[in-house]
Amino acid sequence: MPAPWQICCDKKSRTKNAKAEMDNMAETSEKMQMKKEITLLNGVSLIVGNMIGSGIFVSPRGVLMYSASYGLSLVIWALGGIFSLFGALCYVELGTSILKSGGSYAYILEAFGAFVAFIRLWSSLLIIEPTTQAVIAITFANYIVQPIFPHCEPPYDAVRLIAAACICSLTFINCVNVKWGTRVQDIFTYAKVMALILVISVGLYKIGKGETENLRAPFEGSATSPGMIALALYSALFSYSGWDTLNYVTEEMQNPERNLPLSIAISMPIVAIIYLLTNIAYYVVLDMSALLTSDAVAVTFGGETLSHAKWIIPIVVAMSCYSGLNSSIIAASRLFYVGAREGHLPVSLSLIHIKRFTPVPALLFNLSLFFPIVYCLCSLFLVIVPLYSDTINSLIGVGIALSGIPAYYLGVHLPAEKRPKCLLWLSGGCLKSSLPAGFSLVEETEMWTALEASGGCSTWR
């Protein structure tokens with residue numbers, strides 16, 4: 001049986017049998033969907049694994065620098081947890097009301113329509129997902145090679161090659177099987193939680209011995225500027241980000257109405273408690289100057305307390321990055337898959353492997369009103385203050401988002417017959433040349449109608 005693109009492109013030579021085959025494939029495509037393989041435990045691991053990334057090992061420096069005292073920094077960490085909890089509770093209600101994968105993109109599409117949703121998707125495609133994954137992968141590579149080059153800068157090319165290998169290996173794992181991806185997530189999440197428990201244990205041991213000199217005047221010198229407090233909160237929220245991971249895979253969850261709220265209810269307290277206790281451990285062992293001059297607080301902590309076992313910390317940070325990158329790849333692939341299914345990205349990205357039930361092309365492309373109101377007000381504060389404190393970078397972010405307007409107009413808003421031929425050629429070329437047999441095209445019928453109306457199919461041959 002010919003591949004879907006061969007049927008579509010060979011418009012003039014189609015026979016009645018070929019039409020019957022295409023109809024059969026369309027029926028199969030409607031039934032094709034990713035399996036519900038994500039359990040409650042997998043959901044907790046995805047959220048905890050994504051939230052506890054490299055931030056807790058790095059960003060305590062940022063929180064402390066802007067808050068200027070141990071006491072206020074701990075308050076900021078607690079506020080970051082509460083703020084993230086409000087957002088998570090909003091997403092619980094959204095995820096159980098709108099049972100679609102894709103996270104915020106799917107919810108914006110339902111609430112505000114295609115244009116605003118496309119701008120959200122465009123921002124993720126253009127800057128958010130690629131840069132986030134690149135930074136995590138490079139951080140992973142740096143910490144992997146750090147024990148080999150303890151007193152000098154690691155080779156530039158080696159770090160980049162290891163980062164590329166990290167992304168490729170995780171993409172392959174998630175292409176092969178969804179279960180493989182969740183098992184990797186489970187194992188590495190357990191490892192990093194155990195490492196943080198080790199850090200906390202050392203801190204509690206020091207407190208038990210009475211070594212609390214650093215905490216005797218916890219609020220002395222605290223920052224009072226709203227701008228500085230907002231920047232401190234940003235640094236904390238960087239570590240708390242990832243609580244929405246499970247909303248990107250809602251369609252693959254077993255019993256999402258039950259398991260989505262439970263996963264978030266279990267994950268958020270675990271992460272918040274670990275973060276607070278870990279920072280207390282840092283503050284007990286390291287003084288203010290050591291914390292502010294360290295680019296990786298956990299590594300400095302390990303050097304002070306773990307003696308010959310200090311090499312454990314860089315390896316654990318690398319494992320943490322690997323886990324965070326895995327969950328990021330899972331979430332991003334589902335975002336692009338849903339975007340393609342809705343017609344906002346090339347339809348080839350909505351293909352599912354017919355045997356493995358994984359979105360291979362998308363992987364390769366890579367309550368009550370109280371909580372929403374509070375979350376929106378806090379978000380508004382975090383948006384407005386940086387416009388004053390860091391105007392240039394804020395305007396750059398706005399410009400990146402608005403750059404999606406022409407892409408939406410040309411690729412989504414215009415009827416298919418009026419779109420530039422080069423867009424049809426690009427979409428068709430990718431579909432024809434880059435995908436092997438064995439995929440189900442979820443939106444095949446709609447694609448065929450649009451291409452036939454525009455006369456684009458004949459140009460693919």
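Student: How many aromatic pairs does the structure hold?

Tutor: This predicted model holds ten aromatic pairs.

Student: What makes Trp 77 and Tyr 240 an aromatic pair?

Tutor: Their centres are 6.1 Å apart. Rings pair if their centres lie within 6.5 Å, so these two qualify.

Student: Why is this pair called tilted?

Tutor: The angle between the planes is 55 degrees. Stacked needs under 30 degrees and edge-to-face needs over 60, so the pair counts as tilted.

Student: Which parts of the chain does the pair link?

Tutor: Distant ones. Trp 77 sits in helix 6 (residues 70-97) and Tyr 240 in helix 11 (residues 226-240), 163 residues apart. Both residues are buried. Trp 77 and Tyr 240 also form one aromatic cluster with Tyr 275.

Student: How do you know that the buried residues of helix 19 line one face?

Tutor: In helix 19 (residues 404-413), Gly 404, Tyr 408 and Val 412 are buried. Seen down the helix axis, they fall within an arc of 40 degrees, so they line one face.

Student: What do the buried residues of helix 19 pack against?

Tutor: They pack against helix 8 (114-145) and helix 18 (391-402).

Student: Where in the chain is confidence lowest, and where highest?

Tutor: Helix 1 (residues 4-9) is lowest, at a mean pLDDT of 40. Helix 12 (residues 256-285) is highest, at 92. The chain mean is 78, and 79% of residues reach 70 or more.

Student: Which stretch stays under 50 and has 72 contacts beyond four places in sequence?

Tutor: Residues 436-461. Where pLDDT is low, the predicted coordinates should not be read in detail.

Key: Residues are numbered from 1 along each chain as its sequence is written. This is a predicted model: local features need pLDDT of at least 70, side-chain atom pairs count only at pLDDT 80 or more; totals for chains, interfaces and linings use all residues. Side-chain values use heavy atoms; hydrogens and water are left out. pLDDT is the predictor's confidence in each residue, from 0 to 100. Helices (H or I, at least four residues) and strands (E, at least two) are DSSP runs, numbered from the N terminus. Contact means heavy atoms within 4.5 Å. Buried means under 20% relative accessible area, exposed over 50%, partly exposed in between (1.4 Å probe, protein chains only). The arc is that of the directions from the helix axis to the C-beta atoms. Rings of Phe, Tyr and Trp (its six-membered ring) pair if their centres lie within 6.5 Å; planes under 30 degrees apart count as stacked, over 60 as edge-to-face and the rest as tilted.
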